[in-house]
Amino acid sequence: MLIFTFRRFGLALLILIVAVTTMFLMIRAVPGDPVQIMLGPRATPELQARLTAELALDQPIWKQLAIFYGNLLQGDLGTDVFSGRSVTEIVFQQLPHTLWLILSSIIWSATLGIALGSYAAAHPNTVIDRITAAISVSFVAAPAFVVALLSLLIFAVNLQWFPAIGAGEGFWGRLNHLVLPAFAIGLSWVGYIARLVRASMLEVMGEPHIRTARAFGLSERRVVMIYALRIAILPVVTVIGVGMGFLLSSAVFAEIVFARPGLGKLVIDSITTRNYPIVMGSVLISTGLFVVSTALADLINAWLDPRARAAV
Amino acid sequence: MSKSRSELGQILHGVSRDPLGLMGLIIVGTILFCAIFAAWIVPYDPVGMNIKDRLQGPSAAHLLGTDQLGRDTFSRVIMGGQVALKVALPAVFGAMAIGLTLGMIAGYGPKWLDNLLMLFFDTIRSFPTVMFALAVVALIGPSLQTVVFVVMATSIPTYGRVARTQTLTLRNSEFILAERAMGASMKRILGVHMLPNIIGVLAVLAAMDIPTVIALEAGLSFLGLGVKPPTPSWGALLKDGYSLIRQTPWLVVGGGLPIILATLGFTFLGESLRDVVDPKLRKQR
C-alpha cells in the first residue's frame with residue numbers, strides 16, 4: 001500500500017510538472033509581447049518595464065522557467081494587475097465557494113444514485129429498474145448549464161421557490177441558495193451513478209467472497225450492505241475522482257448562471273477585464289485539484305479493494 | 001465496396017430495431033436535415049432585425065417569438081444547428097484521426113514512445129476541459145476556430161487511449177503474427193489489418209462525444225467566449241435569453257431545448273451503435 005501510494009503520487013507529480021510546463025510554454029508561444037497581452041490597454045512604459053523585470057522576460061527561457069517554478073514552490077502565482085494583491089490569495093478566497101457547490105452536488109447525486117442502483121440490482125427488471133434505466137440514459141448527457149438555465153427559469157423566475165442569484169447569508173440562506181445550482185450539476189450524475197452501481201453490484205454478487213459470506217450464515221442484508229456494497233461503490237469513487245474536472249466545469253457554468261461567487265465567476269470576470277495572472281492562476285490551481293483528486297480516487301480504490309494495488 | 005455498404009446497412013438495421021436507437025436516428029436525422037437545408041427552411045433572415053416586433057411571444061408568424069432586436073427565434077434556432085455541427089463534426093473527426101494515429105503508434109511502437117505518448121495524453125486530460133478552454137480563449141481570443149481547436153485538443157486522449165488498447169490487444173493476435181511472418185510492412189499491418197478493427201469502436205466513441213462537443217460550444221458562446229455575434233448559435237441564444245429571462249422565457253427555451261434534444265439524440269444513437277457494433281464495450285463503461 002505504501003509503495004502504491006508513492007508510485008501513484010509520483011505519477012501525479014510528473015503529470016502536474018508536464019502540465020504546468022506546457023502551460024508556461026503556451027503563454028510564451030502566443031504571438032506578441034506577453035507583457036503587452038498581460039497588461040492589455042493599460043500598458044504604460046513604466047508598468048511594462050516593471051513587469052518585464054518581474055517576470056524575468058529579459059532572461060533566456062530556461063531561466064524564466066526556473067524562476068517560475070521557484071515562485072510556484074513558494075506559493076507565489078504572481079500578482080493581480082489591478083489591485084496588486086497576490087493571485088494565490090484571491091484564488092483561495094474564491095475556491096471554498098466552488099468546492100462547497102461541488103461537494104453538495106456530489107453528495108445528493110451519489111446518495112440517490114447509489115440507493116437507486118442498489119435497489120435496481122436487488123430487483124432487476126422491475127418497474128423501478130426500468131424507470132431508473134430510462135432516466136439515466138436521458139439525463140446522462142444533459143449539459144449542466146442548460147439544466148441550470150431551465151431550472152432558473154422554472155423554479156426561480158416563474159415559481160419563485162428558490163432565490164435566483166447570489167450565495168445567501170447564514171446557514172439556511174446558503175443552503176437555500178445551493179439547491180438549484182447543486183441540482184443542475186448533480187442531475188446528470190444520478191442516473192450515471194445508479195447505472196454504474198447496478199452493474200457492479202450484479203457482478204459482485206456473483207463473486208466467491210460473497211458466496212463465502214453467505215456460507216458463514218450472515219444475513220442477506222448484512223451481505224449486501226457490508227460485503228457487496230463496499231466493493232460495488234468502487235467504480236463510483238473512481239468516477240467521481242476522474243469526473244472532478246467535469247464537475248469543476250459544470251460548477252463554472254452554475255456559478256455564472258446563478259451569479260454565485262467562486263472560481264468560475266472569478267475566471268470569467270478576469271477574462272473580460274484581461275486580468276491574465278488571475279486566469280492562469282485559477283487554471284493552475286484547478287488543474288492541481290483535478291490531478292490530486294484523480295490520484296486520491298485511485299488510493300481510496302486500492303484501500304477498499306486490495307486487488308487494485310497491483311495496478312499502476 | 002459493396003461489402004462495406006451491406007455492413008453499414010446491417011448496422012443501421014440493428015440500430016433501428018432498438019427503440020432508443022430508432023429515436024436517436026430520427027432526432028439526429030432531423031437535426032442533420034435542418035442543418036443542411038437551413039437556408040431553405042428558415043422563414044426569416046436569422047440576423048435580420050426588426051425592432052418594431054421585438055420580444056414577441058410565439059405566434060403563427062414567429063413560431064418561437066422574437067428576441068430583443070426583433071430577430072425571429074425559430075430561424076435562429078435552425079441556423080444555430082448548422083453552427084453547432086460546423087464546430088462539432090470537424091472537431092470530432094479531427095480528434096479521432098489524430099487520436100487514432102497517436103494511439104496506434106503508442107500501441108505498436110517502442111516502449112519509450114508509448115510511455116511518452118501516454119504521459120502526453122495524461123497531461124492533456126489533467127486540465128479540466130472548461131478551464132483549459134477558458135485559458136486558450138483568454139490567450140488567443142474567441143472564435144469558431146478556437147472552439148474547434150480546444151475541443152480537438154481535449155478529446156484526442158480519449159481516442160488515443162482506446163486506439164492504443166485495441167492495438168495492444170490486436171498486436172499479438174494470430175492473424176497479425178501470421179502477417180508479420182509473411183514479411184508485411186508496418187504500414188500494411190497498421191493500415192490494412194488493424195485500422196478496420198479499431199475504427200468501429202472509435203466511431204461509437206465519436207457519436208457519444210458529439211453531445212459533449214455541442215454542449216461545450218454552446219457553453220462558451222453562452223459565456224460570450226465562443227462564436228461571435230451576430231452568428232446565431234444556440235449558446236448565443238441562451239446568452240440573450242439569460243439577460244432577458246424576466247421579460248421572456250422563449251429565448252431560453254428556444255436555445256435550451258435544441259441542445260437537450262441534440263444531446264439526447266446523439267447519446268441514444270451512440271449507445272445503440274455501441275451495442276450493435278461491439279457488445280463487449282457495454283461492460284467496460
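In this predicted model, helix α5 (residues 111–125) of chain B packs against helix α7 (residues 144–171) of chain B at an angle of about 135°, and their axes lie 9 Å apart. That angle makes α5(B) oblique to α7(B). The crossing of α5(B) past α7(B) is left-handed.

The residues in this contact can be named. On the α5(B) side they are B:Phe121, B:Ile124 and B:Arg125. On the α7(B) side they are B:Ala153, B:Thr154, B:Ile156, B:Pro157, B:Gly160 and B:Arg161. By class, the contact of α5(B) with α7(B) holds 5 nonpolar, 2 polar and 2 charged residues.

Helix α5 (residues 87–122) of chain A packs on α12(A) at an angle of about 115°, with the axes 10 Å apart. This makes α5(A) roughly perpendicular to α12(A). Here α5(A) passes α12(A) in a right-handed crossing. From α5(A), the contact draws on A:Thr98, A:Leu101, A:Ile102 and A:Ser105. From α12(A), it draws on A:Leu247, A:Leu248, A:Ala251, A:Ala254 and A:Glu255. The classes in the contact of α5(A) with α12(A) are 6 nonpolar, 2 polar and 1 charged.

The table sets out the two pairs.

| Helix pair | Angle between axes | Axis distance | Crossing |
|---|---|---|---|
| α5(B) and α7(B) | about 135° | 9 Å | left-handed |
| α5(A) and α12(A) | about 115° | 10 Å | right-handed |

Next comes the fold of chain A. Its secondary structure comes to 14 helices and 0 strands. Of the 312 residues in chain A, 39% are buried. Among contacts in chain A between residues at least 6 apart in sequence, 72% join residues at least 24 apart.

The two chains also touch each other. Their contact takes 38 residues from chain A and 35 residues from chain B. On the side of chain A that touches chain B, α1 (2–29), α6 (127–140), α7 (144–158), α12 (244–257), α13 (263–272) and α14 (276–304) each supply at least two residues. The largest share of that side, 8 residues, comes from α14(A). By class, the chain A side divides into 32 nonpolar, 6 polar and no charged residues.

Terms used. Residues are numbered from 1 along each chain as its sequence is written. Chains are lettered from A and ligands numbered from 1 in the order in which they are written. This is a predicted model: local features need pLDDT of at least 70, side-chain atom pairs count only at pLDDT 80 or more; totals for chains, interfaces and linings use all residues. Axes are lines fitted to C-alpha atoms, for helices over the stretch in contact, and angles run from 0 to 180 degrees between N-to-C directions. Helices (H or I, at least four residues) and strands (E, at least two) are DSSP runs, numbered from the N terminus. Angles under 35 degrees count as roughly parallel, over 145 as roughly antiparallel, 65 to 115 as roughly perpendicular and the rest as oblique. A crossing is left-handed if the near helix is turned anticlockwise from the far one by less than a right angle, and right-handed if clockwise. Two residues are in contact if their C-beta atoms, placed from the backbone, lie within 7 Å. Ala, Val, Leu, Ile, Met, Phe, Trp, Tyr, Cys and Pro count as nonpolar, Asp, Glu, Lys and Arg as charged, and the others, Gly among them, as polar. A residue is buried if 20 or more other C-beta atoms lie within 10 Å of its own, exposed if 12 or fewer, and partly exposed in between; C-beta atoms are placed from the backbone.
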